Amino acid sequence: MAEGKRVHKAQIRFGDPLLIATAGLLGALGDADEFPQGRAGIEALIATIAKGPEGEEVWATYEDPDGPLTYLGAGGTWVAAAGEGRLRVRQSVAAGEEPASNVWILGPDGSLSDPETIEGYGAPEDELAPEVIAEIELMERRRREAAARRPEMERRSKERQNRHRLEHLLGVVAGPPGQDRGGPVVTHLVLYDTGLIVNYLVPRPRQKDPDPDEPWDLSDTAPQEITLDDGLETEFSDRGGSVDQNGKGMLRCTCEFSPAIPDHASRLEIGLDMTNVTIELGPA
């Protein structure tokens, strides 16, 4: 932010999307006396906004100040010319099923107007542009589809929450000794009557040139595929997992599966990339 510029703080707080957007725009403006008023200039300004101190990004896009409103894309922030070297900053706000926006006027000196609230698309229904009507129909269709998916999503969420409760725990089986620590190492299985969790370690990669845009990318580290074979042709479904990034030499990983291993299974063969580990479960 250029020296002497300020943001009116009465309406915003640290971490607020408005604070991130306005501070980013002012920082991109630098020492210039006015914000650009043309589309090309505003888009160039948005493109040069730096990330915030906590890595916050401003997802914004230019909008025609005289064109119809939209609530799709842009990460919920739209920027338009407001005249006299100022910008209009519009952000969508939660207002039930109907969309709404708050609009501020941002001056190059950091001044910020009181917000103006726009309900819906800011025009009577019979005056809406065809593209706005198409957007409303799209959003209504998405709401219907989301409502239709909600019962199944809630069922799966409840199932996941209950799958590994203590009352379902059967026991823990250690991985076999002597595994090559140069590759994936299965440490143990946690068995439930609703499924199982495979716990394993993988070496942390030694990247000479890590991708600066993806510093935590573990795609080359964690196994791309895990297979289970209990010798009984049980079809196990991958239910997701996790990677603990805090390990120094090895990364701790988990992967959840369902259903449970059948009681009469005597072994479980685990395939992790090119590594195969067989765990004895006990007598059949």
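Q: Why is the contact between the side chains of E43 and R39 called a salt bridge?
A: In this predicted model, the side chains of E43 and R39 come to 2.9 Å, N to O. A salt bridge requires a side-chain nitrogen of Lys or Arg within 4 Å of a carboxyl oxygen of Asp or Glu, and the pair of E43 and R39 therefore qualifies. Side chains of opposite charge can pair when their charged atoms come close.

Q: What separates E43 and R39 along helix α2?
A: The two residues are 4 residues apart in helix α2 (residues 39–47), so about one helical turn separates E43 and R39.

Q: Why is R39 called exposed, whereas E43 is called partly exposed?
A: R39 has a relative accessible area of 52%, and exposed means over 50%, so R39 is exposed. E43 has a relative accessible area of 35%, which lies between the cut-offs of 20% and 50%, and E43 is therefore partly exposed.

Q: How do you know that R88 and E63 form a salt bridge?
A: Their side chains meet at 2.5 Å, N to O, and the limit is 4 Å, so the pair counts as a salt bridge.

Q: What makes the pair of R88 and E63 a link between distant parts of the chain?
A: R88 belongs to strand β3 (residues 86–93), while E63 is in the loop between β1 (60–62) and β2 (77–83); the two are 25 residues apart.

Q: Are R88 and E63 buried or exposed, and how do you know?
A: Buried means under 20% relative accessible area. R88 has 16%, so R88 is buried. E63 has 6% relative accessibility and therefore also counts as buried.

Q: Why is the pair of R86 and E84 called a salt bridge?
A: The side chains of R86 and E84 meet at 3.9 Å, N to O, which is within 4 Å, so the pair meets the definition. The structure holds 6 salt bridges.

Q: How do you know whether R86 and E84 are exposed or partly exposed?
A: R86 has a relative accessible area of 29%, between 20% and 50%, and is therefore partly exposed. E84 has 69% relative accessibility, over the 50% cut-off, so E84 counts as exposed.

Q: What makes the phi of E84 worth noting?
A: Phi of E84 is near 55 degrees, a positive value in a residue other than glycine. Most residues other than glycine have a negative phi. E84 is found in the loop between β2 and β3.

Q: Where is E233, and why is E233 called exposed?
A: E233 is found in the loop between β9 (226–229) and β10 (237–244). Its relative accessibility is 74%, over the cut-off of 50%, so E233 counts as exposed. E233 also has a positive phi of about 65 degrees although it is not a glycine.

Q: Why is the peptide bond from S258 to P259 called cis?
A: The bond from S258 to P259 has omega near 5 degrees and is cis. Most peptide bonds are trans. P259 lies in the loop between β11 (250–258) and β12 (267–272).

Q: What makes the patch that includes E137 a patch of negative charge?
A: The patch gathers E97, E98, E137 and E140 on the surface, and Glu counts as negative, so the patch is one of negative charge. E137 is in helix α3 (residues 130–163). With a relative accessible area of 47%, between 20% and 50%, E137 is therefore partly exposed.

Definitions and conventions: Residues are numbered from 1 along each chain as its sequence is written. This is a predicted model: local features need pLDDT of at least 70, side-chain atom pairs count only at pLDDT 80 or more; totals for chains, interfaces and linings use all residues. Side-chain values use heavy atoms; hydrogens and water are left out. Patches are made of residues with over 30% relative accessible area and no salt bridge: like charges are joined within 9 Å, nonpolar side chains (Val, Leu, Ile, Met, Phe, Trp, Tyr) within 5 Å. Accessible areas come from the Shrake-Rupley method with a 1.4 Å probe; for residues, only the protein chains shown count as cover. The place of a charge is taken as NZ of Lys, CZ of Arg, CG of Asp or CD of Glu. Buried means under 20% relative accessible area, exposed over 50%, partly exposed in between (1.4 Å probe, protein chains only).
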